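Hi,

Here is the structure I promised to pass on to you. Have a look at it first, and then read on for what turned up.

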Amino acid sequence: MSIAGPEKNSEFLAEFLDDYFAESEEHLAGARRGLLALEHFVHQSNIDRASLDGLFRSFHSLKGISGMVGVRAAERLAHQMESYLRALRDWQATLSPEGMDALIAGAGLLEQIISEHRAHAPITDPSTLMARLDAIISEARNNRPVDNSTTGSVSTGPDPLRTSLQALAIGDGKNVWRFDFVPKPELSARGINVNYIRARLQQVGELMHAAPRVTPEGGIAFEFLVSTSEEITSFPDLFDDGVTYARQVLLPAVGAATIDVAAAPVEPMTASYQALSSRASNMVRVDLARLDELMRMVGDLVISRSRLDERVKHLEAALPAPEWRPLQETSLAMERQLRDLREGVMRVRMVPIGEIFERMQFVVRDLAREYQKQVKLELSGHQTEIDKFLVERLMDPILHLVRNAVSHGIEAPNERTALGKPREGTIALRASAAAETIVIEMEDDGRGVDAEQVIARARAMGIGIRGRGAGAGGQGSGAGAESISGPPEYEKLTEAKIDKAENIDSAELLELICAPGFSTRAEADRASGRGVGMNVVSNTIRGLGGTLELKTEAGKGTLFRIQLPLTLAIADALIVQAGHHRFAVPQASVREVIQIDASEIKILENNDVIVYRGAALPLLRLTRLFGLPEDQREYFHAFIVGSGLNTVGIAVDRILGQREIVVRVINDPLIQVAGVAGATELGDGRAVLILDAAALARPAEGRRIAAHNNGLPRPSNKSVESRTDA
Amino acid sequence: MLEEQNGSKTFIIFELAGTTYAVRSRLVQQMEMIEEITPVPNAPASVEGVVFSRGRVIPALNLRVRFGFERIPIDLRTRLIVIEVGERNVGLIVDSAREFISIEASAIQPPNEAISGLSGKYIEGIAAVDNRIVLILDLRQVINLAEILIGDQPAPSGAQPAKQG
């Protein structure tokens, strides 16, 4: 076997780092939950023991794992936070607001440091915050009750391990072992890696110190210090796993070199670690990329099965029924089983959305303080499960909406009182799953979006919305004939034609807010000034195949509704045909399918309109949008997409059927075009485009697509934009 | 791995509008006959459409249109050369292709403006192989996004996609 060279090392390290990031994410989430619970105890000294212990565990674990990957800044900071928690518990110190802030800031900084490490970015120096914590700890020490101890560190009761560790601290060194582990490929093949060893050692005793070091040969080794309360003289099974060990007599100098265990009272962690490891034993941490791979394989299976199905159908005429039927039944059974398999894999990828929601507690808390507002955050449906891929991408959009709500939406307390509203504003975050979609709502009871202001702002910035005929339908009046925009010539649409506020509906308002470059005066302040404008929010959500809706009422509040497919990989779709081409339309975006007689179509200023449910419904023909050949037809099929004033019918030659499709994303910008969300294969090897129904329903976009295909001149600056924002 | 040995490099040779071109074989993923290209509405003129290649959706770029030659119908000799450059996979539609050759590094000269013609800016070198002049393409330039997206005009109305072979 070859000696682990630098390449092997970096492989080990990379694998190990992935685990580190995943694990620290868990502990940070735990810490955030703990801190929220702790906040109720500000100004109190009798803090719920369980909350403190839980937090302590989180920071202790973060310290340990950060030490192992050599993220010293995180290790030191976590250690300092641990010390403060210990002071709170052992000295029954009063939790000061400053202390609470420092803990929250510390959790934030830890997260930042870890992600900086992940991004190979320069690491922020935690010294300032650590000094702050230090001062807070000193204050707690000075104010601590002196009744039950005179020696400094206070013990709440006899505890053999603590006693022994304190003995250790003064250099006794009893029952402390040093373990050295050198990862090797052959060990790794048996599943023995540093995480495994660490877990094993945690069962031996308390893991006091863990750190990687470079061996003289240039390899990587890990060293651990473990203290045990039991008299053990050897660890044969660990030795078999490549671990060398030696009883450690800690000299004061060595004690100082380890993580400062003497500086503060020490917590016995053995029991809790065992609890953790037994809980973790039936959980498996899986790299998302592996699940993606699995999903892709399921997708391939779905395609193969549909090929098989195709063949079976062809055979129907050629085979006698008794021969053919079992074939067909097997094919159908496979379809059901594949569906189950697909759902199983999907379920593995699902995580509760709660983690994002919980983070918002901190955002709201910080921002409310910064803007001197009173805001409470109500969460519901945080158990709703959503694809891990989506969770990661939803963080920024939700963050932005919540920030906006606090900074722009909610009024100052006095203003609210004057308006007869409760002083404290409310932001509600709700999540729910319905069929194949998930709905996330962010609602505030603030002042609402000021349409006048938005319009003025948009006008000042030269941002246009689609032109509307004079006397256009009022707010929320439904799809009336008069609400259809004027002549479809592209040039006219590029004119910035903005009506008065009363003539703009919320969909148009949203369009303006989400226009590239749109910003409100407060955009430059800290809350929103992180480069994530509403344009990015809406692009992100569209990119995920979702939709964004806005409801707002002056003085009452604002509601943003995000609707997303549960998963991106496989979806139910309608297969339609237009101009001799097939297209797939994700069923989640289709509200209804109708048949239209050609004679029902009325022409209104070049727009096709039909009467549908007593109202006028604009009808877009896919053949015209895409410049495809058009036959004379007596009837069409159409599917209805969009909502409110953006409801349109998209007419196609006919709807061929409904089936499950495997969504392949289009990555190359050359083929990313407005109105197309991806491609799929229906079993014959041909690529079939998946329509982005929401984009087709957006009037401006639909026309832009049509304009291109009709060969109308397009302004050169626009042509690039329409492509890149697609 | 075979590549840089003995100072020679391996190339795939193809024909386009009577000219012989070469692309580095290490950038070529595969070569296939063209069965079906799905046109994409509103794509640049040189983008014939999309195809599936190894489960991925990739653009099929008509190299004739890209280099300003006349578009010809797809036939049995037409090939799709799937290249991988950076993170991108693109299929190049060429008149015909089959050869795999190795060219001595010393036989490759920098492009001479006088012979490079229309496709000049996409040429990274010229080599003489068995009495043939071979133009070695700079694939990064060939699939340059900014140029195709801005420079290409959208396909005219009703532009017919490639005939199905």
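Strands here are DSSP runs of at least two residues marked E, numbered from the N terminus. With that in hand, please keep in mind that this is a predicted model.

**Two loops with positive phi**

In chain B, the loop between strand E1 (8-16) and strand E2 (19-24) holds B:Ala17. Its phi is positive, about 45 degrees, although B:Ala17 is not a glycine. Is B:Ala17 buried or partly exposed? There are 16 other C-beta atoms within 10 Å, so B:Ala17 is partly exposed.

Chain A has a case of its own in A:His580, a residue other than glycine with a positive phi near 65 degrees. A:His580 sits in the loop between strand E12 (570-578) and strand E13 (581-586) of chain A. A residue with 12 or fewer other C-beta atoms within 10 Å is exposed, and A:His580 has 10, so it is exposed.

The secondary structure of chain B consists of four helices and 11 strands. Of the 165 residues in this chain, 37% are buried. If you take the chain B contacts between residues at least 6 apart in sequence, 58% of them join residues at least 24 apart.

Five of the strands make an open sheet with mixed pairing, in the order E3-E6-E7-E5-E4 (chain B). E3 and E4 of chain B are at the edges and have a single partner strand each, so one side of each has no neighbour in the sheet. On average, neighbouring strands of this sheet are turned by 30 degrees against each other, direction ignored. Within the sheet, strand E5 (residues 56-62) and strand E7 (residues 88-94) of chain B pair in the parallel sense through three bridges. B:Asn62 has B:Ile93 in E7(B) as its bridge partner.

The loop between strand E3 (28-33) and strand E4 (47-53) of chain B contains B:Val40. Because B:Val40 has 27 C-beta neighbours inside 10 Å, it counts as buried. Which residues does B:Val40 touch, not counting those up to four places away in sequence? In chain A they are A:Ile671, A:Val673, A:Val676 and A:Leu689, and in chain B they are B:Val47, B:Gly49 and B:Val50. B:Pro59, 19 residues apart from B:Val40 in sequence, is 9.1 Å from it, C-alpha to C-alpha.

**Chain A: another sheet and some helices**

An open sheet in chain A also has five strands and mixed pairing, in the order E6-E8-E9-E11-E10. Strand E6 (375-380) and strand E10 (547-553) of chain A are its edge strands, each pairing on one side only. Neighbouring strands of this sheet are turned by 10 degrees against each other on average, direction ignored. Helix H14 (residues 354-370) of chain A packs on the sheet and touches E6 and strand E8 (425-434), with its direction at about 170 degrees to that of E6(A). Strand E9 (residues 437-444) and strand E11 (residues 557-565) of chain A run antiparallel and are joined by eight bridges. One bridge partner pair is A:Glu441 with A:Arg561 in E11(A).

Helix H15 (residues 388-409) of chain A reaches 30 Å from first C-alpha to last over 22 residues, close to the expected 32 Å. H15(A) has a kink of about 40 degrees at A:Leu394, shortly before the proline A:Pro397.

Lastly, A:Gln202 is in helix H8 (residues 194-204) of chain A. A:Gln202 is buried because it has 20 other C-beta atoms within 10 Å. Its C-alpha atom is separated by 7.9 Å from that of A:Val226, 24 residues apart along the chain.

Best wishes

Technical notes: Residues numbered from 1 in each chain as written. Chains lettered and ligands numbered in written order. Predicted model: local features only at pLDDT ≥ 70, side-chain atom pairs only at ≥ 80, totals over all residues. Contact = placed C-beta atoms within 7 Å. Expected span 1.5 Å × (residues − 1). Bend = angle between axes of the 7 residues up to and from the residue. Pairing = 2+ DSSP bridges. Axes fitted to C-alpha atoms, helices over the stretch in contact; angles between N-to-C directions.
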